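I open these notes with a plain list of things to look up: confidence, domains, the contact between the chains, the core and the backbone geometry. The entries follow below.

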Number of protein chains: 2
Amino acid sequence: MLETIRKPTLILDEGRMIRNIERMAAKARRSGVLFKPHFKTHQSAAIGEVFRERGVRAITVSSLDMAAYFAARQWEDITVAFPVNLRQIEEINCLAERVTLQLLVESREAVEFLQKNLSRPVQVWIKIDTGSRRTGIPAAESGAVIDLAKTIRSCRHLSFRGLLSHAGHSYQARGGVQVEAVYRDTVSKLRALKGALEAEGIHPVLISHGDTPTCSVVEDLSEVDEIRPGNFVFYDLTQLAIGSCAEEDLAVAVACPVVALHGEREELVLYGGAVHLSKEFLTRPDGQKMYGGVARPAQGWGPLLESSYVSSLSQEHGIVRAGKDLLERVRVGDLLMVLPVHSCLTVDLLREFLSLEADSTPQGQGLPCPP
Amino acid sequence: MLETIRKPTLILDEGRMIRNIERMAAKARRSGVLFKPHFKTHQSAAIGEVFRERGVRAITVSSLDMAAYFAARQWEDITVAFPVNLRQIEEINCLAERVTLQLLVESREAVEFLQKNLSRPVQVWIKIDTGSRRTGIPAAESGAVIDLAKTIRSCRHLSFRGLLSHAGHSYQARGGVQVEAVYRDTVSKLRALKGALEAEGIHPVLISHGDTPTCSVVEDLSEVDEIRPGNFVFYDLTQLAIGSCAEEDLAVAVACPVVALHGEREELVLYGGAVHLSKEFLTRPDGQKMYGGVARPAQGWGPLLESSYVSSLSQEHGIVRAGKDLLERVRVGDLLMVLPVHSCLTVDLLREFLSLEADSTPQGQGLPCPP
């Protein structure tokens with residue numbers, strides 16, 4: 001199947017993906033929590049069906065466009081895990097007619113705007129910042145959270161669901177102990193807030209918890225009500241570095257043609273650049289930037305090569321620091337497999353999957369939302 | 001016009017773009033060199049027409065897909081400035097039937113493959129590495145260049161054009177003096193190689209020179225035969241840092257809705273993330289990463305704000321370090337304008353332009369090549 005590849009192509013190992021999905025679904029069941037996977041990583045109707053076949057009914061997305069794409073494919077319970085964009089009120093009203101729409105708010109301004117402009121009921125979560133400092137009301141500000149919850153409950157079209165956080169600081173953790181510590185801290189902050197709300201007579205207050213590292217590492221998630229991991233469907237080198245997954249869980253790679261060899265400086269050039277892989281990088285122990293791992297094609301791809309990696313990217317060029325073992329065996333016109341640093345961004349760029357089991361998933365089914 | 005924007009949208013200042021194009025075209029004319037602009041930056045049929053109206057007939061692209069896109073729009077002389085991808089020989093033969101196709105080679109393997117598999121004539125350039133160390137035969141290896149030129153000249157379907165380089169190390173330069181030094185060094189290496197080839201009876205040997213910094217900064221380009229700058233059509237913060245352009249030459253920005261304010265830590269959150277801007281960054285004097293500049297909307301956009309910039313990106317979130325002056329004036333639901341670090345990547349991600357002169361360039365004309 002790889003022989004037919006002519007240009008940078010996203011390769012999906014469906015067996016690994018299904019194993020990743022089933023493992024997370026089983027953990028959610030064991031923990032007694034709702035599994036509400038984030039679909040921003042794959043953005044694919046076909047992969048959505050793999051989740052549906054395993055009992056998933058409620059999903060998470062990161063934009064209203066993505067919500068519309070999945071709403072058109074019979075997904076009826078959709079959480080947009082992004083601070084509500086007031087400029088898309090028309091899209092919100094349109095979606096709220098067709099699906100159970102769940103939005104994130106974190107300011108009185110946004111709630112008041114929704115109150116004035118919503119024509120249909122929506123459910124809302126208060127976004128809490130438990131330490132990632134990206135966005136949300138800081139968990140320490142319980143007064144602000146209580147005020148906002150009361151405002152929400154006074155609004156005709158708004159129904160208050162609870163507290164939602166994305167523990168994005170788990171991406172700074174390395175190893176299970178650190179990841180688990182992020183989870184414990186996040187959950188204790190959210191449960192304290194829930195207690196403060198209940199003491200004000202506000203209940204029920206659900207807790208929605210995100211992020212692939214904690215959901216992968218922590219075995220018992222029963223202290224929250226729902227989980228929203230996304231990246232776990234494919235994982236990537238970042239998750240491998242954190243310790244969220246093993247190498248054999250990596251479910252996507254980019255097949256890239258070799259276009260030039262520079263043996264004298266132990267480099268080779270791939271057709272596969274920033275417009276295919278994204279410029280996300282990890283820093284190696286030697287301080288060098290790594291824009292992707294490298295493996296040889298096999299049934300899919302072989303093990304990550306230790307001494308070879310993508311060391312820089314232009315728009316279309318990928319430069320590989322190549323070990324002697326690789327340079328001796330590769331020729332111009334061959335393919336190499338690049339394991340992405342951040343699969344969400346690589347998939348967003350390439351947009352189509354070629355499955356290793358090409359009979360079962362036709363190429364091109366993974367088309368994302370309309371632009 | 002900006003009032004209608006609901007989500008991250010690429011805004012084109014056509015007046016600035018036309019001025020950038022006309023300035024470069026005039027310099028090429030004064031220098032007596034062929035202007036063969038690189039179309040990878042805009043990837044737009046409509047913008048291609050702006051060049052055509054100013055006399056451009058030969059263009060540069062970075063992939064065979066892009067070549068096919070422009071070939072379908074009556075561009076008849078197309079240079080693919082990327083080491084030839086042997087796996088796309090079918091596309092090469094197909095294109096070579098319709099246009100004057102110019103390819104880059106840097107190895108005997110590639111030349112021999114073309115000789116065996118080409119069904120139509122193509123022109124080839126030898127890619128020379130004059131110091132960027134991305135790809136190409138190092139300029140010091142004149143023997144290898146002479147051998148390859150002789151091999152090319154012995155091939156039935158190959159016609160040897162000359163030496164092509166992209167002085168990508170100009171991106172490390174800061175200020176006109178450093179950029180000009182890169183140009184002088186590159187040209188002297190290419191002219192020495194040309195002399196060595198001519199001494200072997202190989203002529204004519206043309207010199208094709210790329211990169212926006214040197215083509216922008218150097219006034220007299222008459223020592224080369226053709227220039228292939230691309231980024232100059234829009235410029236960006238990287239070019240501004242190098243000194244290739246002035247702030248008033250920046251011709252694209254991304255309009256982004258404000259979705260959250262965090263005044264206490266002098267930050268705000270934009271709907272506008274890595275999937276809109278790309279993760280390209282510049283390092284500020286204080287060591288912080290900057291993923292974009294920030295300006296307020298105006299007729300287009302106002303001056304770059306000194307104390308505000310995009311400090312981190314998630315898939316859809318852009319975090320802005322915001323000066324007090326900005327925080328006092330901005331509300332959730334407002335728009336801010338983000339000036340890209342690397343316009344080629346931002347344009348590749350957003351794919352559609354909204355022109356400030358919406359009457360003259362309908363939204364959506366800037367569609368790139370088929371996937």
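Before reading any burial call, I wrote down the cut-off: a residue is buried if 20 or more other C-beta atoms lie within 10 Å of its own. I also keep in mind that this is a predicted model.

**Entry: two positive phi values.** I looked up A:S278, which has a positive phi of about 80° although it is not a glycine, and I located A:S278 in the loop between α10 and β13 (282–283) of chain A. Is A:S278 buried or exposed? With 29 C-beta neighbours inside 10 Å, A:S278 counts as buried. I then turned to A:Y235, whose phi is near 55°, again a positive value in a residue other than glycine. A:Y235 sits in the loop between β10 (226–228) and α9 (237–242) of chain A, and A:Y235 is buried because 28 other C-beta atoms lie within 10 Å. I noted both for the following reason: most residues other than glycine have a negative phi, and most peptide bonds are trans.

**Entry: cis peptide bonds.** I found a cis peptide bond joining A:H203 and A:P204, with omega about 0°, and I placed A:P204 in the loop between α7 (176–199) and β9 (206–210) of chain A. In chain B, the peptide bond from B:H203 to B:P204 is cis, with omega near 0°, and B:P204 lies in the loop between α7 (176–199) and β9 (206–210) of that chain.

**Entry: confidence.** I read an average pLDDT of 94 for chain A, where 96% of the residues score at least 70, and the model scores ipTM 0.94 and pTM 0.95. I set a caution beside residues 359–371 of chain A, over which pLDDT stays under 50 and for which the model has 33 contacts beyond four places in sequence.

**Entry: domains of chain A.** I recorded a division into domain 1 (2–9 + 246–355) and domain 2 (32–234), with the C-alpha centres of the two domains of chain A lying 34 Å apart. I then looked up where these domains touch, and found 7 residues of domain 1 of chain A in contact with 7 residues of domain 2 of chain A. On the domain 1 side, the largest share, 4 residues, comes from α12(A), and by class that side has 5 nonpolar, 1 polar and 1 charged residues.

**Entry: how the chains meet.** I found 42 residues of chain A in contact with 42 residues of chain B. The elements giving two or more residues to the chain A side include β4 (77–83), α5 (108–117), β11 (252–262) and α12 (343–350) of chain A, and by class this side has 17 nonpolar, 11 polar and 14 charged residues. Next I checked the superposition: a rotation of 180° with 0.0 Å of shift along its axis places chain A on chain B, with an RMSD of 0.0 Å, which is the relation of a two-fold axis. Which residue of chain A comes closest to the rotation axis? I found A:K279, whose C-alpha is at 2.7 Å. Since 100% of the interface residues of chain A are also interface residues in chain B, the copies meet through the same surface.

**Entry: core.** I looked up the largest nonpolar core, which has 239 residues, and A:I126, A:A253, A:V338, B:I126, B:A253 and B:V338 touch the most other members.

Key
Residues numbered from 1 in each chain as written. Chains lettered and ligands numbered in written order. Predicted model: local features only at pLDDT ≥ 70, side-chain atom pairs only at ≥ 80, totals over all residues. Contact = placed C-beta atoms within 7 Å. Nonpolar A, V, L, I, M, F, W, Y, C, P; charged D, E, K, R; others polar. pLDDT = per-residue confidence, 0-100. Domains from an automatic or database assignment. Least-squares fit on C-alpha atoms with pLDDT ≥ 70 in both. Core = buried A, V, L, I, M, F, W, Y, C linked by C-beta atoms within 7 Å. Buried ≥ 20, exposed ≤ 12 C-beta atoms within 10 Å, placed from the backbone.
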